Amino acid sequence: MTTTAAPRIARTRVTPILIGDPPLLNSQGVHQPYTPRLIVEVQTEDGVTGVGETYGDTDYLTIAEALAPALVGRPLLDLNDLTGFAAEHSPDVSGRARTEVNAGGLRGSRTTNKLLASVVSAFEVASLDALGRTLGLPVHALLGGKVRDRVEYSAYLFYRWAEHPVADAPSDDWGAALDPAGVVAQAQRFADRYGFGSFKLKGGVFPPLEEIDAIRALRAAFPDRPLRLDPNAAWSVDTSVHVAEQLDGALEYLEDPTPGTPGMAEVHRRTSMTLATNMCVTSFAEIPEAFASNAVQVVLSDHHFWGGLHATRELAAVCRTFGVGLSMHSNTHLGVSLAAMTQVAATVPELAYACDTHRPWQTEDVITEPQEFVDGCVEVSDLPGLGVELDGDQLARLHERWLTSDVRDRDDVAAMRQVHPEWTMPPAAHW
Ligand code: GKR
Ligand code: MG
């Protein structure tokens, strides 16, 4: 059934862009100098335009480019069957040949449904932005209203090189962080510059004992701040248990220490450590087993791969029902995604943990006034829609970069090979 009163979609636009990214290290390798994102625009027949952002690798772009023209003529308000509609209008990307490109592995299994949901989320957000602008209401009001005026984010600490090892790469002045002292210095800078009150260290880079030392150094430097460690499932169950015992009392939570729901359940059973995930619970289908076995105590939602802002609120309700905590995962993103994250986070009463964001690592954006982090928080905009304006010149510049580059997919393994030619994708639980 379709809604007839709402304005219809008259025009859609999908713009692939490449954004500069620092040499951040993780269990697979290192971030490339540029990473793809997609900016989606939805314009109503009244000429109101809404914007959304999502992952930009080839599979996402392929789906988005097929879905965008099919949406023209649909009522803006038909959001509840957007996923079904998208499934009908999507090309099959399941069999696309891949080499080792697997950044998706850092976000759990890479299923066709998740690819679809990630694309749908951008169109859902753009539609809500357009609807809010039409009605003069912020997106949070369309979701039932905000329960807080500011959303707290945590500082996302990465081991990193000072510079990319290739010519003509973007650069910044953060310097290298390759040991506990470097991690503490990075955390101090995050705290001084943005006021972040909690810290997450991306682990899985160095042997676990070195990462334990880094957390201990952070604990000594910031005795009262919540700390998290996320090795992206690089550890075996036994290693995870060892780290959890060593860091007992030092961590707010341990994130995805080991792959898979059964492994996570065993780590929790043997240690009582609070475990968070953006890898083993990434879709509704993965919830029953994980909650029944008490494998995770905090789900890190990502409105992109959960399918949008309404889906995020549905996830919040399920978590509430089962007494599981909720916070937010992030990947390299710009201000449109941050605005969507902030709007939906503002509506979830039980959000008890500061959300993740990569945004401070980005030095460019596609919005005219990038959000500021004050005391680690982003203010919840009450302006119509998402409360951000696209910067057409910036969008065109980053799209031009995409057009003139051959980077189409995030590939942390290939980036690492620039320095270590023998590097291959490390298997999960390799430590
Ligand atoms: O940006 O290197 C990274 C992270 O490792 C990212 O890809 C993860 O998916 O941020 C994510 C996480 O929390 O696991
Ligand atoms: Mg994670």
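A: Domain 1 (9–139 + 393–416) and domain 2 (144–386) each give at least three residues to the shell around ligand 1; the domain bounds come from an automatic or database domain assignment. This is a predicted model, where local features need pLDDT of at least 70, side-chain atom pairs count only at pLDDT 80 or more, and totals for chains, interfaces and linings use all residues. Residues are numbered from 1 along each chain as its sequence is written, ligands are numbered from 1 in the order in which they are written, and side-chain values use heavy atoms, with hydrogens and water left out.

In total, 17 residues surround ligand 1, each with a heavy atom within 4 Å of it. Asn 26, His 31, Tyr 156, Lys 200 and His 358 are the closest. The shell holds 3 nonpolar, 8 polar and 6 charged residues. Here Asp, Glu, Lys and Arg count as charged, Ala, Val, Leu, Ile, Met, Phe, Trp, Tyr, Cys and Pro as nonpolar, and the others, Gly among them, as polar.

Now the oxygen atoms of ligand 1. One lies 2.6 Å from a polar side-chain atom of Tyr 156. The side chain of Asn 232 has an N or O atom 2.8 Å from a ligand oxygen. For Arg 410, a polar side-chain atom is 3.2 Å from an oxygen atom of ligand 1.

Methods:
A polar contact is a pair of N or O atoms within 3.5 Å; within protein, one must be able to donate a hydrogen and the other to accept it, and residues adjacent in sequence count only if both atoms are side-chain atoms.
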